[in-house]
Each structure stands twice: as C-alpha cells, then as structure tokens.
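Me: I am new to this structure. Please take a close look at one part of it and go through it step by step.

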Amino acid sequence: MSSTSTAVPVVLAGARGHGRWHLDNIRRLQDKGIVRLAGICELTPLTPHEIPEGLGTPEQSADFDALLDATGARIAVICTPIPTHTDLALIAARKGVHLLLEKPPAPSYAEFRRMADGVAEAGVVCQIGFQSLGSHAVPAIRELIADGVIGEVAGVGGAGAWARAEAYFRRAPWAGRRRLNGVDVIDGALTNPLAHAVATALALAGATRAEDVTGIETELAHANAIESDDTSCVRITTADDLPIVVAATLCAEDPDDPYVVVHGSRGRITYWYKQDRVLLQRADHGPEEFEYGRTDLLENLVDHLTDGTEPLVPPAATEAFMKVVEAIRVAPDPVQLPDDTWHLLKDEDRRVVPGIDGLVAAAADTLALYSELGAPWALTTAHPKEVST
C-alpha cells in the first residue's frame, strides 16, 4: 500500500488528552500510506495548531454518526470518556465500520457484553487498545513458560508505581469518578492508567476469557480527594488455581516503569511492558535480558482488513480483564487514606503515600495484598469477591 487511494479512511473520536497520541500515530501510519485521517469527532473542533502537521484538514463534527457517513470511514478509533464507549462502538458497528476501542472497553461487564455482542452481530472487527498486548514479548514469554524454562508457574505479579498531579483528577468531569450522573465510570488506578498491568498479567497467565477467572479480591483506597481508587491492589484466582496479584498507585514516592513478573519454581521472568524489555532469571544461569518489537494495534487492524491478519486484541481477549473491572465496580467504595498516611509535594502538586513504592513491589514479588503485607490502612479495604462465570 503506497498511495492515498489505497489508504484506509479513519475517523478519530476523542482527539484531545490521550487522543493526541492517536493523532500522532495516525500521522505516522498516514506517512506510510496505510491510513488517511478522514475525520475528527470532538465536541469542540480542533484548531489548526492542534492537528499535527501533515494530517491536512480532516472533516470535523460533534456528530459521530453523521461524520462516519460523510467521510466513508472504514475504521473508527474511539478515545472518548469510558461511559460513551459502548454506544459509540455500536453506532460504528451498525454502519459496518471497524473499531479500535480504547481501554478500558467499558465501565461494567454488562456494557462490555452489549458492546462485544453487538459488534459480533454486526460482523465488524473490534480491537481493544491494550497496546502492551501488541508487544512481541508477550508470545515470547508464553513460549518460555510453555517450554518450562522457569519450571512450574506459581503465580503472576504486577506492579505499577506511578505519580499523578492533583490536576490529573480534574482533567475531565469523569476523572477519578466511580459514577457520574448515575452512570458507571470506574476510572481507577487498576481500571484505567494501570489497566495494562492487569491485562498483561492475565495474558501471561493464559487467563484472558471470562471462564478463566474464578475469584477476585480487591483492596481499594485513595489519598487524593476523589471518588475512585488511586492506591489499590487485586488478587485474581484463575481456573487453574493460579494467583495473579496486581498492585498499583498513582501516589508513588519515586515513580518508575510498571512491570509484570511471572514466578516459577526455577526462576522468574520480569516484563517491563512499556519498554518491551524482558529479564529472565533462573537457577544455574546468569540473568538474560531481551528487547522485543511491537505491532501497532491500528496497523494490525488495517492488516486484518487488507490481508486477513489475525487481530491481536479482540474483545474476547479482554473478558477476564473486564471481570476485574466488574469486581472493582461492585466493591464497596474505596477507603479514604487517613491524613497522616500521605503528604502533598507542593512543587509537583501531587500527593505521596510514604512506603507505597515498597508495598507495590512486595505485592508483585510475594503475591500478597497490601493488608497481608501489614499496611495498617489496608485492613479496612480488603474485599473478597467470588466470580460467577
């Protein structure tokens, strides 16, 4: 594909915030002759200086339905507030427009099923935007596990120690909310900014379908003045009785790259999923590091339409992740951390929970929850949840 006549027309819904990343990525693929930005759907049109150079003057409208018709789009990239995902996806699907849908795909399992079933019925392809699952490291690690390189797998841990300024939680009316105007949002640390840690841990454990999850325990808390969680952990039990523990915070002392670690009887595999970097440590061997490439999910979707390449992250690959979102949705509201457990870094305008970096790492390392690691504030946040599939 080299000419604009063969480039696939794309509409982007939600071009500000994280949508800017999609604009840059579409520009990259447009330069390769793969796609063409045909339209932008925003409540307020982008100004010329907000559109990356080289993307021309795509049609703009606040009416997604009409924009799809006017542009003849074959793919819609949806990067809008979480509660809008399902309805927008179904509008596109009914028009035969294929989808790249940002994560989390929906704020509840019921909304996820409505989206996934509607997309399947319409016969269009939907790719969920877990970019980490496009990494070539994921199948490589699965192969190492299958080959018994680290012995018998004992569990999978995930750790995300990030920092977000207080302004982050004011970036949109739905930010940091569990519900807004009676509608589920579920914008928490594990379900949105560090959702990749959860989805990637599930993928490495081979537990991606709904029936692969039999139990979920949650511990949800927040230091910031928000409704949702900014410091939380979850333990997922798989149908194979494998524990997966993912710990996350947006109140780190020293923010660092998130990672997932597979624990085996004879070693471990650590995967820094933003870097596509893998560290293999095993008995009687020196540590080995590997770096992998990554397949872009929009490019993968175009390849599917043009030559039948298998989509990397169809909705079915995110069912187990959505079970976690659902467990967090129905859990009691996150606990407000006591004032003496956090402090404000004024120069960075962010709240910090002293000791949380170590707790996050320890949870991934020992597959224990915060409460089990002795965090006094966590004793009121523990909630077991059995999952029916």
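Reply: **Salt bridges of one loop**

With a relative accessibility of 49%, D333 counts as partly exposed (buried is under 20% relative accessible area, exposed over 50%, partly exposed in between, with a 1.4 Å probe and protein chains only). The model is predicted, so local features need pLDDT of at least 70 and side-chain atom pairs pLDDT 80 or more, while totals for chains, interfaces and linings use all residues. Residues are numbered from 1 along each chain as its sequence is written, and side-chain values use heavy atoms, without hydrogens and water.

R178 and D333 form a salt bridge, and their closest N and O atoms are 2.8 Å apart (a salt bridge is a side-chain nitrogen of Lys or Arg within 4 Å of a carboxyl oxygen of Asp or Glu). R178 sits in the loop between β7 and β8, and D333 in the loop between α8 (319-330) and β17 (335-336), so this pair ties together parts 155 residues apart in sequence (helices, H or I of at least four residues, and strands, E of at least two, are DSSP runs numbered from the N terminus).

R177 also belongs to this part of the chain. The side chains of E227 and R177 meet in a salt bridge, at 3.5 Å from N to O. E227 lies in the loop between β10 (213-222) and β11 (231-238) and R177 in the loop between β7 and β8, so the pair joins parts that are 50 residues apart in sequence.

The side chains of E166 and R351 form a salt bridge of 2.6 Å, N to O. E166 is in the loop between β7 (153-161) and β8 (179-180), whereas R351 is in strand β19 (residues 350-352), and the two are 185 residues apart, so distant parts of the chain are linked. Both members of this pair are buried: R351 has a relative accessible area of 15%, and E166 has a relative accessibility of 17%.

For context, the structure holds 27 salt bridges. Elsewhere, R28, K32, D296 and E299 are linked in a network of salt bridges. In general, side chains of opposite charge can pair when their charged atoms come close.
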